[in-house]
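Colleague: I would like to learn how to read a structure. Please take the features one at a time.

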Amino acid sequence: MSVATAAVRTTCAYCGVGCGILATPDGAGGARIEGDPDHPANSGRLCSKGAALGETLGLEDRLLAPRIAGRQAGWDEALDLIAARFRAAIDADGPDSVAIYGSGQLLTEDYYVANKLMKGFIGSANIDTNSRLCMASTVAGHRRAFGSDTVPGTYEDIELADLVILVGSNLAWCHPVLHQRLAAAREARPSMRVVVVDPRRTATCEIADLHLKLRGDADVALFNWLLAETESRGVLDAAWLAAHVDGFPAAMAAARPWDRDRTAAACDVDAADLDMLLRLWLGTERVVTVFSQGVNQSASGTDKVNAIINCHLAAGRIGRPGMGPFSVTGQPNAMGGREVGGLANMLAAHLELENPAHRAAVRDFWRAPRVADRPGLKAVDMFRAAASGRIKALWILATNPVATMPEADAVAAALEACPFVVVSDVTARTDTAARAHVLLPAAGWGEKSGTVTNSERRISRQRAFLPLPGEVRPDWQALAEVGKRLGWPEAFAWTSPADIFREHAALSARAAALGRDFDIGGLANLGDAAYEAMEPVQWPLGGPERFFTDGRFFTPDRRARMIPVDPPAAAPPDGLRLNTGRIRDQWHTMTRTGRAPRLTQHIAEPFAEIHPADAEPRGIGPADLVVLSARGRRAVLRALVTDRVAPGSIFAPMHWSRETASAGGVAALLAATADPHSGQPALKAGTIEVARYAPAWHGFAISRRRPAPEAAYWARARIARGWRVELAGEAEPDDWDAWTRAAFAAPEAELVAWGDPGRGRRRVALIEHGAVVAALFVGPEPVELSRAHLVAAFGEADAAALLAGRPGGRVRDCGRIVCACFDVGLETIVDAVATGRASTVAEIGAALRAGTGCGSCRPELATLLAPEARRRRASGR
Ligand code: SF4
């Protein structure tokens with residue numbers, strides 16, 4: 001490809017909002033990143049993650065050539081080997097002995113090729129993806145209610161609604177630009193109301209009129225009650241129901257037993273809060289119910305989705321502006337994956353695997369020897385099959401299941417047991433890549449070219465603006481080459497992503513002719529230049545922006561289905577409940593965001609939110625380390641004692657892996673319990689024990705080189721001039737000096753010590769050629785230092801100034817960085833509020849610039865202001 005020098009319009013690599021980006025290459029492998037003002041999803045906005053994409057480019061830790069059994073190999077050798085091993089397994093044990101595990105990070109074109117290879121030519125539906133962990137319950141719920149996996153609404157509906165109910169969605173951190181659109185709409189139209197339904201008080205609650213802090217998995221009870229009240233208070237849309245909906249009597253029979261008191265008890269919320277929700281729901285026609293992982297990642301996720309949809313169907317609040325159920329997807333291309341049928345229970349183009357006419361249409365279109373005629377193995381079962389020897393060859397693309405799947409230790413063991421594992425990724429530094437027989441160097445964001453679809457069905461181009469480095473190739477090419485080597489050269493003969501896209505679009509036209517919702521057939525004849533220039537486009541092409549405007553669904557009789565749903569029986573707790581999720585500035589297992597120093601400033605260490613009522617009896621104080629244990633596995637995290645979580649529950653983020661912490665991964669603690677309809681694991685409902693961890697020593701260090709300490713606990717993160725690392729040890733090293741030099745890869749460094757080793761405290765600078773290459777601080781309890789100051793001063797201050805651990809003279813410690821755009825720390829903000837210089841988010845912005853960049857920290861600024869706002873209200877000011 002030619003190397004771009006002007007701004008290239010592309011799409012963000014992360015969440016399902018799908019923001020448009022202008023990337024201007026700097027000619028040295030980097031790029032300036034700005035929001036695309038002309039992209040309908042974001043109109044120029046970007047959150048902290050999107051804005052920092054430029055810092056994640058570069059070739060450090062990149063996988064640049066294929067590897068076989070750890071040695072570098074050529075592409076032909078690697079592809080020949082993959083084809084041979086897949087062929088041998090298929091011949092010996094049948095098509096179901098091989099599998100592909102993909103990702104919502106794949107482009108639609110990559111996904112299409114993988115799905116065609118497995119389902120149409122190998123003849124097995126053993127292709128599943130990490131989208132199974134993300135939104136499979138939504139897919140199942142949509143299909144039960146609508147007869148198709150159709151997202152009815154658009155982002156604009158969230159702005160047009162008079163009431164937005166966010167269920168299990170920390171929009172402020174997980175879909176920040178959509179949250180900003182909601183916050184802006186609310187500010188412009190103060191009559192708009194926002195309700196958050198979430199067991200945790202998250203940053204999203206800052207714009208909420210009501211936070212229902214319900215018990216985990218009580219959502220079905222809540223929406224059943226809302227449905228029963230919809231009927232009894234006369235808010236049913238009887239004409240709509242009669243004309244367009246089946247299943248009303250059965251759904252109502254399940255809902256009616258849920259009265260106010262029973263629901264309040266099941267949800268563990270005040271009945272008065274239910275009353276407020278009910279008043280808002282009954283009195284508001286334009287309601288959008290946004291739901292996300294708190295709904296999906298549950299053993300009753302599909303029922304939760306249908307409980308929400310039931311309410312909207314009963315009230316006729318769907319298919320019109322400002323109303324409807326709205327699933328927001330976690331990944332940048334989860335929707336594209338759904339479009340190509342990249343799940344083990346779907347065919348391509350929203351066609352159905354179980355439907356003979358659909359299979360025949362796909363087989364004819366692909367001229368395929370066979371099309372899988374039954375669902376394949378979903379994620380959890382796929383890795384179990386690998387462990388038991390049923391899967392003989394497995395190809396994993398663009399995902400890190402050893403760090404993210406429940407029972408992650410069993411997934412690691414499964415890969416070790418599987419005779420042949422291929423991993424395609426941008427780096428070999430993942431917990432999964434470490435277990436591959438063949439590693440393929442994949443093109444990353446900025447290098448690959450294709451399309452992605454966001455949560456509102458908008459297809460956007462992801463364009464390359466950097467050359468492919470080394471031997472790197474896009475995933476579609478690797479998959480197609482294996483397809484050719486397996487004996488189907490004509491079916492996999494594409495020469496570009498545009499070729500694949502045209503075929504995908506043409507297949508969707510066949511699907512539409514069979515009455516399916518997904519139809520981009522109008523793009524099937526797009527020329528190469530038109531594909532290159534393609535503007536973001538929403539499907540259905542040329543149709544109404546919203547689905548179901550005409551009351552016609554995609555079931556055989558075109559009527560929607562209300563589904564009777566019951567909440568799971570509440571079991572008595574046999575431990576604390578572990579809820580896992582995301583933080584503002586990181587993405588998945590940090591293989592990309594972890595490279596950006598700006599993004600580690602906000603939170604640099606794995607943590608566990610624990611309620612004071614649970615912390616106190618266990619002797620856990622703020623900043624202590626804690627051990628979370630379950631299933632014979634343990635994680636060690638920093639305690640954050642807070643009433644944001646309810647008593648009896650713990651929240652811990654999912655981002656840390658063996659690459660970034662000694663024991664920060666929480667996926668191994670979770671049992672692989674899955675929703676019976678969708679197969680989606682319950683990633684927010686682990687049962688764990690928590691105890692204070694009392695090491696012999698604690699430490700903090702900054703280092704030029706990647707630290708690799710021999711310590712019971714460590715958590716490392718990128719900073720501008722190297723790394724920072726939190727440490728703890730169960731016994732002091734016999735030789736601290738040798739330990740220190742080894743930990744920071746500085747064998748020849750001179751050690752300059754400061755402090756009082758006799759009291760277990762050490763402050764040591766490592767000096768090479770007169771420059772400080774690392775500084776270590778050790779104490780018997782968590783070391784109190786200005787970490788933000790040390791990170792900023794590293795590389796500039798001399799050893800004595802660094803070892804002081806705090807800014808000198810009259811300079812104040814700025815505290816933990818809250819605003820990553822302008823490096824504004826917690827203490828600086830608190831000081832501005834305490835001294836009366838700022839009492840609103842806008843005033844903080846005017847005084848300090850915090851919150852005036854990407855805006856991702858604005859909810860946190862509002863949280864910081866909450867005590868001040870309460871004080872002012874109390875004093876009548
Ligand atoms: S909200 Fe942030 S992470 Fe999501 S697509 Fe937009 S810029 Fe990327």
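Modeller: Start with the ligand, which sits in the largest cavity. A cavity is a set of points on a 1 Å grid over the protein atoms alone where a 1.4 Å probe fits but cannot get out. A molecule sits in one if more than half of its atoms lie within 2 Å of its grid points. This is a predicted model, where local features need pLDDT of at least 70, side-chain atom pairs count only at pLDDT 80 or more, and totals for chains, interfaces and linings use all residues. Residues are numbered from 1 along each chain as its sequence is written, and side-chain values use heavy atoms, with hydrogens and water left out.

Colleague: Which residues surround the ligand?

Modeller: A residue is near a molecule if one of its heavy atoms lies within 4 Å of it. Here the ligand is surrounded by Cys12, Tyr14, Cys15, Gly18, Cys19, Leu46, Cys47, Lys49, Gly50, Pro176 and Val177.

Colleague: Is the phi of histidine 350 positive or negative?

Modeller: Most residues other than glycine have a negative phi, and most peptide bonds are trans. Histidine 350 has a positive phi, near 60°. This histidine 350 lies in the loop between α15 (334–339) and α16 (356–366); helices (H or I, at least four residues) and strands (E, at least two) are DSSP runs, numbered from the N terminus.

Colleague: Is the peptide bond from tryptophan 539 to proline 540 cis or trans?

Modeller: That bond is cis, with omega near 10°. Proline 540 lies in the loop between β19 (537–538) and β20 (560–561).

Conventions: 1 Å grid on protein atoms, 1.4 Å probe; cavity = no way out; pocket = protein on both sides within 12 Å on 5 of 7 lines; lining within 4 Å.
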